[in-house]
Amino acid sequence: RDVERSRGLGDVYKRQGEFLVDRGRAEEAVPLLTRCIEVWTRHDGADSEALAAPLTSRGEGLLSLGRQDEAKADLQRARGLLAETASPDEKGRLLLLLARAFVQTDPARADAFIEDARALKITKPTLENELAAWVSNEP
């Protein structure tokens, strides 16, 4: 029962962290998402597919804080954990974040992430718009 409660606490940390990332409050979000990752790792194991979502959100928060190296590590780990059954929007969001993380240090790799995202059938308008903006800024 305590294990179930701790897993549920991880859900709370995840929802709060994602809410704060979406509102540009990454400084507050990152510690909450870190707690979620810690709780879920203890509950589900370090290789759980469930960790992909909070790792992606924490990576996004770290990017907005200018912490590219930490963001890259989270986002690459999330990509390795992301289930094949994940939606095109989930995959596309992760690929766009990876492109943002690598654009300064490895533009060719960033472009490869964008090409992978373009091959998906993304339906979320904000992702479609971000992808279109990225593509229109290519030389």
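## Basis and exposure terms

A residue is called buried under 20% relative accessible area, exposed over 50%, and partly exposed in between, with a 1.4 Å probe and protein chains only. The model is a predicted one, in which local features need pLDDT of at least 70 and side-chain atom pairs count only at pLDDT 80 or more, whereas totals for chains, interfaces and linings use all residues. Residues are numbered from 1 along each chain as its sequence is written, and side-chain values use heavy atoms, with hydrogens and water left out.

## Helix 2

Helices (H or I, at least four residues) and strands (E, at least two) are DSSP runs, numbered from the N terminus. Histidine 43 belongs to helix 2, residues 26-44. Because its relative accessible area is 30%, histidine 43 is classed as partly exposed. From histidine 43 to glycine 10 the C-alpha to C-alpha distance is 9.4 Å, although 33 residues separate them in sequence.

Proline 31 is also placed in helix 2. Its relative accessibility is 45%, so proline 31 counts as partly exposed. Proline 31 and leucine 75 lie 44 residues apart in sequence, with 16 Å between their C-alpha atoms.

## Helix 3

The expected span of a helix is 1.5 Å times one less than its number of residues. For helix 3, with 13 residues, this gives 18 Å, and the end C-alpha atoms are 18 Å apart, which agrees.

Helix 3 is mostly covered, since 11 of its 13 residues are buried. Among them are the charged residues Arg58 and Glu60; the charged class comprises Asp, Glu, Lys and Arg, the nonpolar class Ala, Val, Leu, Ile, Met, Phe, Trp, Tyr, Cys and Pro, and the others, Gly among them, count as polar. Just after helix 3, glycine 66 adopts a positive phi of about 80 degrees.

The 15 residues of helix 5 should span 21 Å, and its end C-alpha atoms are 21 Å apart, in agreement. The buried residues of helix 5 include Asp89, Gly92, Leu96, Ala99 and Phe102. Contact means heavy atoms within 4.5 Å. The cover over the buried residues of helix 5 includes helix 3 (52-64), helix 4 (68-81), helix 6 and helix 7.

Axes are lines fitted to C-alpha atoms, for helices over the stretch in contact, and angles run from 0 to 180 degrees between N-to-C directions. The axes of helix 5 (residues 88-102) and helix 7 (residues 125-136) come within 10 Å and cross at roughly 35 degrees. This crossing is left-handed, a term used if the near helix is turned anticlockwise from the far one by less than a right angle, with right-handed used if clockwise. Helix 5 contributes Asp89, Arg93, Leu96, Ala99 and Arg100 to the contact, and helix 7 contributes Leu127, Glu130, Leu131 and Trp134. By class, these residues are 5 nonpolar, no polar and 4 charged.

## The faces of helix 7

With 12 residues, helix 7 should span 16 Å, and its end C-alpha atoms are 16 Å apart, which agrees. Its buried residues are Leu127, Leu131 and Trp134.

Isoleucine 122 is located in the loop between helix 6 and helix 7. Because its relative accessible area is 10%, isoleucine 122 is buried. Not counting residues up to four places away in sequence, isoleucine 122 touches Pro88, Asp89, Gly92, Ala117, Leu127, Glu128 and Leu131. Isoleucine 122 and serine 87 are 35 residues apart in sequence, with a C-alpha to C-alpha distance of 8.5 Å.
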